[in-house]
Amino acid sequence: MSGTQQELSVSLWRGGKDGRYRTYAVPRRESQTVLDVVTYVQRHLDPTLSYRFACRVGVCGSCAMTVNGKPRWTCRTHVAKVAGAGRLEIGPLENLPVIKDLTTDMAEFFQKWQRAKGVFAPSQTRHDSIAQIRPDTPARAAADAAIECINCGVCYAGCDTVRWNSAYLGPAALTRAWTLVNDQRDAGNRERLQAVAVDGGCHSCHSHQSCQELCPQTLNPTAAIAGLKRRTAAAYLKGEIKA
Amino acid sequence: MNVRLYVWQRATAAIMAPLVLVHIAVIFYATRQGLTAADILSRTHGSAIWASYYGLFVAAASIHASIGMRNVLIEWSPLDERRAGLLAVALGLLLALLGFHAVIALVVT
Ligand code: SF4
Ligand code: SF4
Ligand code: FES
């Protein structure tokens, strides 16, 4: 089935790992997003279709899927931009286990955030006065650069190194680590640098920038990871961390 | 790849970069001047400079390639990190053996 002016031909992944694509006809609408298309199928054609979304406005990071071969946030991806010939193929994100249909198990993705020490380690308590942060220092600019990550997993799904090396922490977790490395209020840097300096850490990145190209928030994980490589190498040479 | 291997790989790359340039310059010189194998060997025999130049080159290349091969094996083969590391060390040693053999041929025999 091929799409027409009024109709889209939409192939959706159905089932788990051994599932297959099934094709549906979905009416075209103006300003239609890929998430609208998936929602239409579930509301009107097959209520058993599983998928995730929450905010529909690019904030929550839960709606990412593989759209015509590329990972994208579906709520902010317009059909007109990606379905040139009126065809859409929508699958679950790559590099994550499929649960069912368009939903993946993101547990490992978030466990890697923990492994990369992507958790703020406070240097003060609530009894201290509020830290004064100058926005114009280079460190704060580096921390601010990736503060808008929405944990969508798009970069992780698009990273070949994750595909090849399942131990690799991946662009999102490492970018989070870099944000905290540059946060002057954080006190966990030695542990964090140690955590990203082992096998599967920042040095596994090939700098081929798919993450940066695909990130819907236009963040630059490649640059963040390059920062971690420099910082960990310096810490290693000073004897502050081990391999 | 971990930070120790990363530092070694970058360091050996930094050592090799100028060595490669000199090596290429020497090849150009030798072909331009039409030097025969005997001409070349007469200049390199007993030369401590050429021995250390190519000795360093072989050492750096073996380490560099071995780290790279470990990475390739981890990503592209079913081997785990330990086995990939062992195989990569074996490859590195083989490269070093072949390389030093060639260096000895150049300056000693
Ligand atoms: S630059 Fe690094 S993190 Fe980004 S896609 Fe490439 S290997 Fe993955
Ligand atoms: S870095 Fe970008 S692509 Fe990756 S999880 Fe964050 S927002 Fe999504
Ligand atoms: S539904 Fe929240 S980012 Fe798409």
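Which residues come nearest to ligand 1? In this predicted model, A:Cys159, A:Thr161, A:Cys205, A:His208 and A:Cys211 come nearest, out of 13 residues around the ligand. Two elements of chain A, α9 (210-214) and α10 (221-237), each give two or more residues to this shell.

Let us turn to strand β1 of chain A, which spans residues 7-14. Seven of its eight residues are buried, so β1(A) is largely enclosed by the rest of the structure.

| Strand paired with β1(A) | Sense | Bridges | One bridge pair |
|---|---|---|---|
| β2(A), residues 20-27 | antiparallel | eight | A:Glu7 with A:Pro27 |
| β5(A), residues 87-91 | parallel | four | A:Leu12 with A:Ile90 |

Five residues lie between β1(A) and β2(A), and the two strands form a hairpin. In its turn you will find A:Gly15, with a positive phi of about 100°.

Finally, a look at some cysteines. How many disulfides does the structure hold over all chains? The count is zero. Is A:Cys63 buried or exposed? With a relative accessible area of 4%, A:Cys63 falls under the 20% cut-off and is therefore buried. A:Cys149, on the other hand, has 29% relative accessibility, so this residue counts as partly exposed.

Terms used. Residues numbered from 1 in each chain as written. Chains lettered and ligands numbered in written order. Predicted model: local features only at pLDDT ≥ 70, side-chain atom pairs only at ≥ 80, totals over all residues. Heavy atoms only, no water. Disulfide = S-S within 2.5 Å. Buried < 20%, exposed > 50% of the residue type's maximum accessible area, 1.4 Å probe, protein only. Pairing = 2+ DSSP bridges. Near = heavy atom within 4 Å.
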